[in-house]
Amino acid sequence: MLNLPYLILGVLCGIITGLFPGIHPNNIAILSSLLIPYFGVNNYIPFLIGLVITHYFMNFIPSAFLGVPDDETAVSVLPMHRLTLSGNGYEGVILAGFGSYLGVIFSIIICLFLILLNFDVLSFYSSIKFFIPIMLIIFVIYQILTAKSIWEILVIFLSGIFGIAVLYCSPAYYITLNAIFTGMFGIPLLINNLRLKKCNIKSQIITFPEFKLKYLKSSFFASTVGFFRIFLPGVSGAQINYILSKILKEEKDLKNFIVSQGSIILANEAFSLLAITFIGIGRSGVARIIQQIKPDVDINLLLFSILISSTMALIILVILSKYVLIFIKKVSLKYLSLFFIVFCSLIIVVGSYNLYLFYHIIIYITAICIGLITFNSKSKPSYMMNVLIFPTVLYFLH
């Protein structure tokens, strides 16, 4: 049975973690596991779900207004930041939140449909596993052939080799991905903010976006793609997001792309949690913690907790993003960017203090250098996602 006060407490914690870039819900989940004796296992699970679901809704705010992502929202950062620069950042946040909520709804529908059909997920995974590295190799070749400059090809290989060295040849920790994505996608954008002549973010238009039926189609497609998170242990949500971005061609329909990205981010997280009941293995850090403390968790509890926390998170996002806009208008963008450069860097240092500190500092600095090369050469930042694609290919070929 769902204990609502604990779910609400998780939602409140998710608001804080989502608004501050560099804080990952996996790290908070590990720390919060100390509360299990006080909460009780049945109360701790809804708390954890409320935290992680709300985190990803709230993370659209720093992604849009500052351009600082986490490991799941990296692909959607630049399109949302582009809307902010044109004065439509609020609309971008609402579109992402709306897409996320649709992603949750469609994920629940797909889940119920799979239960009704008694679908064997493990058998399906075994039948397609052979083709995964082949598809990824073809995808990399496609990127190289369609690259518009030697710089973009350089970014592809620099990112890929960096990913192999860090994620395939060396042990990876939660803080490792934080260092990679903050360094590649977040810090270079913040450094660019320091160079801007105008010290404040452009005045934003507070209007709700026009609803279009094609958003439903894109959201359903993205949620269906998110289902693959269940049986792809070597593929993260960010990789799936990246591949989807190339299928949908975000530059042709920016707003539709943002909706689809919101859908797949939350569908990825929902299915990573639901994988506990489908195959007995969680596909995210939070899901694995739940799996360890209660392997036989009731699927109805998971579905209901995800739905309620998503509903609350969407309402909070719509309201809170307005107040954030009012606040950042009064603050110098340069000082705000400088603050988050220092803050994100401290998160990496503190998070890796007992996990090979100097090793993660080197990863962080290298990631920043690759990100600066990408932005200064005006290459597509999405090519940096090969940091995950290359090691994934080796993972499946091994």
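**Exercise 1: two packed helices**

Work out how helix α10 and helix α19 pack in this predicted model: what is the angle, and how far apart are the axes?

*Solution.* 
Step 1. Find the two helices: α10 covers residues 150–168, and α19 covers residues 386–397.
Step 2. Two packed helices are described by the angle between their axes and the distance between the axes. Here the angle is about 55°, and the axes are 7 Å apart.
Step 3. Now put a word to that angle. Roughly parallel would need an angle under 35 degrees, and roughly perpendicular runs from 65 to 115, so α10 is oblique to α19.
Step 4. Look at who makes the contact. On the α10 side you'll find, among others, Ile 156, Phe 157, Gly 160 and Leu 167. The α19 side includes Val 387, Phe 390, Pro 391 and Leu 394.
Step 5. Sort the contact residues by type: 13 are nonpolar, four are polar and none is charged.

**Exercise 2: a charged pair**

Find the salt bridge that Lys 255 forms: which residue is the partner?

*Solution.* 
Step 1. Side chains of opposite charge can pair when their charged atoms come close.
Step 2. The partner of Lys 255 is Glu 91, and their closest N and O atoms are 2.9 Å apart. The cut-off is 4 Å, so this pair counts as a salt bridge. By this rule the count comes to one.
Step 3. Lys 255 sits in helix α14 (residues 254–279) and Glu 91 in helix α7 (residues 89–117), so the pair ties together parts that are 164 residues apart in sequence.
Step 4. Lys 255 has a relative accessible area of 30%, which means it is partly exposed. Glu 91 comes in at 9%, so Glu 91 is buried.

**Exercise 3: the whole protein**

*Solution.* 
Step 1. Count them up: the protein has 19 helices and zero strands.
Step 2. Of its 398 residues, 57% are buried.
Step 3. Take the contacts with a separation of 6 or more: 83% of them join residues 24 or more positions apart.

Methods
Residues are numbered from 1 along each chain as its sequence is written. This is a predicted model: local features need pLDDT of at least 70, side-chain atom pairs count only at pLDDT 80 or more; totals for chains, interfaces and linings use all residues. Side-chain values use heavy atoms; hydrogens and water are left out. A salt bridge is a side-chain nitrogen of Lys or Arg within 4 Å of a carboxyl oxygen of Asp or Glu. Helices (H or I, at least four residues) and strands (E, at least two) are DSSP runs, numbered from the N terminus. Buried means under 20% relative accessible area, exposed over 50%, partly exposed in between (1.4 Å probe, protein chains only). Axes are lines fitted to C-alpha atoms, for helices over the stretch in contact, and angles run from 0 to 180 degrees between N-to-C directions. Angles under 35 degrees count as roughly parallel, over 145 as roughly antiparallel, 65 to 115 as roughly perpendicular and the rest as oblique. Contact means heavy atoms within 4.5 Å. Ala, Val, Leu, Ile, Met, Phe, Trp, Tyr, Cys and Pro count as nonpolar, Asp, Glu, Lys and Arg as charged, and the others, Gly among them, as polar.
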